[in-house]
Each structure stands twice: as structure tokens, then as C-alpha cells.
Amino acid sequence: MPSNLYVLPAYGKAITLDDQGVFYVMNQYEDTIQGVIQLSYARDEWCLMQLQHTSVADEYCWTVMAEDSRYALNSMTSSQIAHHFARPEFAEPKGAWQVIRNQQYGFGKFTPLEANQQIAYALLMFEQDEIKAVIRLHRMQEDMMQTIVEETVEREVEFA
């Protein structure tokens, strides 16, 4: 069976602090932004957040993407990556995956084998330790963020 999976630690580019930032999910059929995701690193932990509407009109907030209080994303081992990505639907393009995940969500970085192709990112959705969806993420450029967000108000919320 052909596979796109290469488990070579020196080949696959690790997820680093340079990868944190804001990403969006593109609806390819309507050419619109479907969702906005943020990968951040704070207090020695990786975290995925999603921009969502609040109950107040025209107000949005970042919510942590986690099933419960275990929100931190942890690295998957090479054998776990092989288990999830050595399947026919991942046969092309060829390359290496690096993944960090919590119980329900993950962030994937794909380094293509072809030098002329760009590194790609994905939002991974898990159900009972199996991948249910791999959604392509696009890095949001700073100028694009300025046109989408005119004013940001940060509020720190503590849950008891």
C-alpha cells in the first residue's frame, strides 16, 4: 500500500513557537472564511482556541477547544502518527506530519517531500482516539487581521 508517511525525525519540521498564530478555515465552495482558530503557547502549554460569537450582538470571544479542563496539547509519538496517517486517504502528497493534540482536537503541521511545496497546517478532530476530520488551515496574515478586527477588548475570565 502506498503511503505518504515518513517517520524521520530530522525530516519533519517540528511545531515551534514560530507556528503559533491565527489561522482560518476556508469554505472552498463559497470562497469565504468558515472559522478562525488560534494556536498559542503560554505557561509551558500549547492551546487551541476558536473565535466564536457571544450572546451580545457583534461581539466575539476566544474559547478554548477542549472537551473538558484538559485543554493542553501534547505531542504525538511517531507510532501514534503512523497509526493515524498511514492510510490510503493520506497517500498524496508525500511528506511528514508533526501533531500536538488534546482529547478531542489537534494541530498538525505537514512538511511536504517536494521542496517547492509549502508547509501546510491542519485542524484535527478526534473521537475515541481516532481521527474523524482533517481540516486545512491557512495562516492569517497581519494585514488580513486588521481588516477583520477593528477593535479588540481583552477580558480575563476565571472559572471557579
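Visitor: Is Ile119 buried, partly exposed or exposed in this predicted model?
Guide: The model is predicted. Buried means under 20% relative accessible area, and exposed means over 50%. Ile119 has a relative accessibility of 29%, so the residue counts as partly exposed.

Visitor: Where does Ile119 lie, and which residues is Ile119 in contact with, leaving aside neighbours within four places in sequence?
Guide: Ile119 belongs to the loop between S7 and S8. Leaving aside neighbours within four places in sequence, its contacts are Lys13, Lys109, Phe110, Thr111 and Pro112.

Visitor: How far apart in space are Ile119 and Gly95, C-alpha to C-alpha?
Guide: In sequence, 24 residues separate Ile119 and Gly95. In space, C-alpha to C-alpha, the separation is 9.6 Å.

Visitor: Which residues of the largest nonpolar core touch the most other members?
Guide: This core has 15 residues. Strands S1 (21-27), S2 (32-42), S3 (45-53), S7 (105-112) and S8 (120-127) each give two or more of them. A second, separate core of 12 residues includes Phe90, Val99, Phe110 and Leu124. In the largest core, the residues that touch the most other members are Leu39, Leu48, Ile100, Phe107 and Leu137.

Visitor: What is Leu48 in contact with, leaving aside its neighbours within four places in sequence?
Guide: Leu48 is one of the residues that touch the most other members of the largest core. Beyond four places in sequence, Leu48 is in contact with Ile37, Gln38, Leu39, Thr63, Val64, Met65, Leu73, Tyr105, Gly106, Phe107 and Leu123.

Visitor: Why is the pair of Phe85 and Trp97 called stacked?
Guide: The count of aromatic pairs is seven. In this one, the ring centres are 4.4 Å apart. Planes under 30 degrees apart count as stacked. The planes of Phe85 and Trp97 are at 15°, so the pair is stacked.

Visitor: Which elements hold Phe85 and Trp97, and which residues form the ring cluster?
Guide: Phe85 is in helix H1 (residues 78-85) and Trp97 in strand S6 (residues 95-101), 12 residues apart. Both residues are buried. Ring pairs link a cluster of Phe85, Phe90, Trp97 and Phe110.

Visitor: Which ring does the charged end of Arg101 sit over?
Guide: The charged end of Arg101 is 3.7 Å from the ring centre. The ring belongs to Phe126.

Visitor: Which residues lie nearest the centre of the second largest pocket?
Guide: The volume of this pocket is about 270 Å³. S7, S8 and strand S9 (130-139) each give two or more residues to its lining. Of the 16 lining residues, those nearest the centre are Pro93, Trp97, Phe110, Ala120 and Arg136.

Notes:
Residues are numbered from 1 along each chain as its sequence is written. This is a predicted model: local features need pLDDT of at least 70, side-chain atom pairs count only at pLDDT 80 or more; totals for chains, interfaces and linings use all residues. Side-chain values use heavy atoms; hydrogens and water are left out. A nonpolar core is a set of buried Ala, Val, Leu, Ile, Met, Phe, Trp, Tyr and Cys residues joined through side-chain atoms within 4.5 Å. Buried means under 20% relative accessible area, exposed over 50%, partly exposed in between (1.4 Å probe, protein chains only). Helices (H or I, at least four residues) and strands (E, at least two) are DSSP runs, numbered from the N terminus. Contact means heavy atoms within 4.5 Å. Rings of Phe, Tyr and Trp (its six-membered ring) pair if their centres lie within 6.5 Å; planes under 30 degrees apart count as stacked, over 60 as edge-to-face and the rest as tilted. A charge sits over a ring if NZ of Lys or CZ of Arg is within 6 Å of the ring centre and within 35 degrees of the ring normal. On a 1 Å grid over the protein atoms alone, a cavity is a set of points where a 1.4 Å probe fits but cannot get out, and a pocket is an open set with protein on both sides within 12 Å along at least five of seven lines; lining residues have an atom within 4 Å of a point. Grid points are joined across faces, edges and corners, and a volume is the space filled by probe spheres set on the points.
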